[in-house]
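Me: I am new to this structure and would like to go through it by question and answer. Please show it to me first.

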Amino acid sequence: MKIKSICCIGAGYVGGPTMSVIAQKNPNIKVTVVDLNEQRIVDWNNVDLNKLPIYEPKLDEVVAEARGRNLFFSTNVDEAIAEAEMIFISVNTPTKTYGAGKGMAADLKYVELCARQIAR
């Protein structure tokens, strides 16, 4: 199977830059990065590349090359999931503040919520 469409849930420090590079290097694959944080998506789509929500050296150049061509940022999670042939989950996994592993283990509640949304 040749992948033509990727969705990444989470437009933070991992999802946004990683998917930007994947889109830049694979212009024939549609890459959609989704997030529930509307302001973060507005920032990723800003015409002024100095306002990207994440700073990595040369990330602005990568985004400039791919955005609008095959890299898209959206809050429409369900649509991006439905269109995708491959889905990445890149959401927050803070340290647990309760239960077994409190203070040491990763809290995977956001990963689980994404998995349930994908399964639907």
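**Surface, fold and selected residues**

Reply: To begin with the surface, the chain exposes about 7,300 Å². Carbon and sulfur atoms supply 54% of that area. The model is a predicted one.

Me: In what order do the elements of the chain run from the N terminus on?

Reply: The chain has five helices and four strands. Read from the N terminus on, the elements run β-α-β-α-α-β-α-β-α.

Me: What radius of gyration does the chain have, and what would a compact globule have?

Reply: The C-alpha atoms fill a box of roughly 45 × 35 × 20 Å along the principal axes. With 120 residues, a compact globule would have a radius of gyration near 14 Å, so the value for the chain agrees with it: 15 Å.

Me: What share of the contacts with a separation of 6 or more comes from residues 24 or more positions apart?

Reply: Of the 120 residues, 34% count as buried. Among contacts in the chain with a separation of 6 or more, the share from residues 24 or more positions apart is 64%.

Me: How are the rings of Trp 44 and Phe 73 arranged?

Reply: The structure holds one aromatic pair. The ring centres of Trp 44 and Phe 73 are 4.7 Å apart and the planes are at 5 degrees; planes under 30 degrees apart count as stacked, so this pair is stacked.

Me: What covers the buried residues of H1?

Reply: Helix H1 spans residues 15-25, and its buried residues are Gly 15, Gly 16, Pro 17, Met 19, Ser 20, Ala 23 and Gln 24. The cover includes H2, H3, strand S1 (5-9), strand S2 (30-34), S3 and S4.

Me: With which residues is Asp 60 in contact, leaving aside its neighbours within four places in sequence?

Reply: Asp 60 has its place in helix H3. At 29% relative accessibility, Asp 60 counts as partly exposed. Its C-alpha atom is separated by 9.9 Å from that of Trp 44, 16 residues apart along the chain. Leaving aside neighbours within four places in sequence, the contacts of Asp 60 are Leu 49 and Leu 52.

Me: Is Lys 58 buried or exposed?

Reply: Lys 58 lies in the loop between H2 and helix H3 (59-66). Lys 58 is not a glycine, yet it has a positive phi of about 70 degrees. Its relative accessibility is 53%, and the cut-off for exposed is over 50%, so Lys 58 counts as exposed.

Me: How far are the C-alpha atoms of Ala 105 and Thr 95 separated?

Reply: Ala 105 is found in the loop between strand S4 (86-89) and helix H5 (109-119), and at 29% relative accessibility it counts as partly exposed. Leaving aside neighbours within four places in sequence, Ala 105 is in contact with Pro 94, Thr 95 and Lys 96. Ala 105 and Thr 95 are ten residues apart along the chain, and their C-alpha atoms are separated by 5.6 Å.

Me: How far apart are the mean positions of the positive and negative charges of the chain?

Reply: The chain has 14 positive and 14 negative charges. The distance between their mean positions is 4 Å.

How values were computed:
Residues numbered from 1 in each chain as written. Predicted model: local features only at pLDDT ≥ 70, side-chain atom pairs only at ≥ 80, totals over all residues. Heavy atoms only, no water. Helix = DSSP H or I, 4+ residues; strand = E, 2+ residues; numbered from the N terminus. Rg over C-alpha atoms; globule rule 2.2 N^0.38 Å. Buried < 20%, exposed > 50% of the residue type's maximum accessible area, 1.4 Å probe, protein only. Contact = heavy atoms within 4.5 Å. Areas by Shrake-Rupley, 256 points an atom, 1.4 Å probe, with all protein chains shown as cover. Lys, Arg positive; Asp, Glu negative; His and termini not counted. Charge placed at Lys NZ, Arg CZ, Asp CG, Glu CD. Phe/Tyr/Trp six-rings, centres within 6.5 Å; stacked < 30°, edge-to-face > 60°.
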